[in-house]
Amino acid sequence: MEQKTFFRLIFLVVTAGFIISFTSTNFPHAPSSTTGFLDCTDSSSSPLCASRNFLFKKQKRPISKNDPKPKPKNHDHFSDTPNHPLDPLTVVEINKVRSILFSHALFSSRAPHVLHSVVLEEPEKNLVRHWEKGNPLPPRKASVIARVGPDTHVLTVDISSGRVDIEDNPVRASGYPTMTLEEMNAVTLAPLLNADVNRTIVSRGVNLTDVNCFPLSSGWYGKKEENKRVIKSQCYSNQGTANFYMRPIEGLTILIDLDTKQVIEIVDTGRNIPIPGSTNTEYRFENLVTTDKTRPLNPISIEQPRGPSFVIEDNHLVKWANWEFHLKPDPRAGVVLSQVRVHDPDTQETRDVMYQGFVSELFVPYMDPSDAWYFKTYMDAGEYGFGLQAMPLVPLNDCPRNAAYMDGVFATADGTPYVRENMVCIFESYAGDIGWRHSESPISGLPIREVRPKVTLVVRMVASVGNYDYIIDYEFQTDGLIKTKVGLSGILMVKGTTYENKNQVKKDNEGNEEELHGTLLSENIIGVIHDHYVTFYLDLDVDGPDNSFVKVNLKRQETEPGESPRKSYMKAVRNVAKTEKDGQIKLSLYDPSEFHVINSAKTTHVGNPTGYKIVPRATAASLLDHDDPPQKRGAFTNNQIWVTPYNKSELWAAGLFTYQSHGDDTLQVWSDRDRDIENTDIVVWYTLGFHHVPCQEDFPIMPTVSSSFDLKPTNFFERNPILKAAPNFEHDLPMCGAESVSA
């Protein structure tokens, strides 16, 4: 037996056993350990550990001999204790929550139990805002989303008292909770445990030992998908390549019951479509052979001989230059920034900017209406868990040498805590940018050349949601600006085709080409057109929670006859949003505006209200019909900016229960209530969008494309806050030797 076949069979057997045991597990009989933490080494013989090692360690890419070595870790998560009201649950706390739930009446039946989310139940905002270091912490509670049998429950667990409060028993909502990693793992194997699927794959000329199947959320398209959690799976050939995404078994779609892991339906509409070849699909450095004569780049590294300028106190409080903020990993949002404050150099105050900011949802609709593609309209946070898909960051490549790393501590489906190592990195960045400068013209007679370098602080995470990699950066500048940047990389989701060259594409009698729904990237491969929308939750608290949203319209004003040699000029017209409808904004080049969040109760010495403004960069708007089922679910992309009153329950733009939701609990629904938003605690939602028409340069793996938006102080400071920033001097910087460079 070939070695690969042998390991595939072992893998199938072990994982099949895990699927069976998992779907019938009751919490009181869940595996225990003396530490309360699942300690599965690679050599463990436990079947559960074998599955867990695959599940939670497979996401670390294979180690290459050329990889940089990460710094040894001294952090012991078993000894973590919370130091701030917003600190995430610790290993000890998650274990205690698990123990409390085991003894609760809801989980004492023989019905299957699954924990879809175990996170901190954050204290009320006012308690957090007025808490000071050294004071006792508010009671620590966990928010739990659990399924018992077919029912979903939302529970709050008081970790100290052991009390369990059930909010909804059971939940009455159109959608279901975020999938667990265990479910996603089980679904990858479910098709290959079905004889009919196997026969279909073999009939397409594919060896079963060369098959990878991938779980694809199904969306919602009507009655057929109600009252049952379902998921679809499509399969790929990995023969001759690690890049199996480029070798789809086109047209084969398998519908699976997400609870039982049983195949419900098999649709195969692509029997005449060949499986694309593996030629030129490789992307791993050690496997690439090049004869390219391009001059290689010399390595660049930022060295800090006196160490970094930032500190991380109590594991989660970041302080750098004039900024401080609380930072925590989250299984759904990825990372959450809280209590973001900036130091004012003139008043010597540390002032509030934002109470909380994070990725609320990602919506990725593909633009192919065919049977094998119409349902591909993913919600990467609400369906898959953006933080659950976060990958360990690679030193020197994802993050520079001077980076510090933060782990995520999450709970598995049976409540066991596990650590996602190196999930977030924090580092100082200098790319040769300029903070401010001015040189005097010689005609002034003043020999002035003043320049200040721009050094920033970056918080970064990367989530690999299947084929796509999302890079999220929050970049803090010393002038008070926060830049939020999204980068897209990874591998396209492609469609198999009979065409090998564009000149083969069929044309009708009028010469119009057949609609490919994308671009022919290589032989038998179409990159399908799609969109990416990333919606951010921004609870801005500019100098406190009571804020207003101001749309500053830039208008052309005609001059009166005889008033001026000019015929027109531009003026700024400020309109304070009274209700939510006023805060629904569609961006337009032909309606130029600025978007300010102000505190009318606090003004500068010349009378301007203090504020921050949202500065959009390149973005995109959805072109889908508002009645299209995926757009109903993704209605939060109907505008680029929304403003809502703060509501602790309104965090997720697609609703708390996104999987198979109908679009009846979205940001659009909340905002259409048209509540008052003037001089109150408000939340701004910003959607950054990308239209992606694939091109050949995206094959076999995409160069990163990115866009961003800024939160910029506007009359927040009395003057330039970095006026007194020091320039660089030669004696401050080390001299690194280098070989001479010839022309």
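How much accessible surface does the protein chain have, and what share belongs to carbon and sulfur atoms? The surface comes to about 35100 Å², and 52% of that belongs to carbon and sulfur atoms. Areas here come from the Shrake-Rupley method with a 1.4 Å probe, and for residues only the protein chains shown count as cover.

This is a predicted model, in which local features need pLDDT of at least 70 and side-chain atom pairs count only at pLDDT 80 or more, while totals for chains, interfaces and linings use all residues. Residues are numbered from 1 along each chain as its sequence is written, and side-chain values use heavy atoms, with hydrogens and water left out.

**Whole chain**

Select the protein chain. It holds 8 helices and 32 strands. These are DSSP runs numbered from the N terminus: helices are H or I with at least four residues, strands are E with at least two. Of the 743 residues, 52% are buried. Buried means under 20% relative accessible area, exposed over 50%, and partly exposed in between (1.4 Å probe, protein chains only). Now consider contacts (heavy atoms within 4.5 Å). Among those between residues at least 6 apart in sequence, 69% join residues at least 24 apart.

**Helix α3**

Select residues 91-102. This is helix α3, with 12 residues. From first C-alpha to last it reaches 17 Å, close to the 16 Å expected at 1.5 Å a residue. The expected span is 1.5 Å times one less than the number of residues. Colour by burial next. Val91, Glu93, Ile94, Asn95, Val97, Arg98, Ile100 and Leu101 are buried. What covers them?

Move to residues 252-257 and 263-268. These are strands β7 and β8, which run antiparallel and are joined by 5 bridges. Strands pair if DSSP finds at least two bridges between them. Pick Leu252: opposite it, in β8, stands Asp268. Between the strands are 5 residues. Click Lys261 in this hairpin; its phi is positive, near 65°.

**Salt bridges**

A search of the whole structure finds 42 salt bridges. Each is a side-chain nitrogen of Lys or Arg within 4 Å of a carboxyl oxygen of Asp or Glu.

Start with Glu303 and Arg401. Their side chains meet at 3.6 Å, N to O. The pair links distant parts of the chain, 98 residues apart. Glu303 is in the loop between β8 and β9 (311-313), and Arg401 is in the loop between β14 (377-379) and β15 (404-411). Glu303 is partly exposed at 38% relative accessible area; Arg401 is partly exposed at 45%.

Next, select Arg341 and Asp352, a salt bridge of 3.2 Å, N to O. Arg341 lies in β12 (334-343) and Asp352 in β13 (350-365), so the pair ties together parts 11 residues apart in sequence. Arg341 is partly exposed at 22%, whereas Asp352 is buried at 19%.

Now pick Asp710 and Lys483. Their closest N and O atoms are 3.0 Å apart. Lys483 is buried at 18%.

Last stop: show Asp344, Glu349, Arg351, Asp543 and Lys602 together. A network of salt bridges links them.
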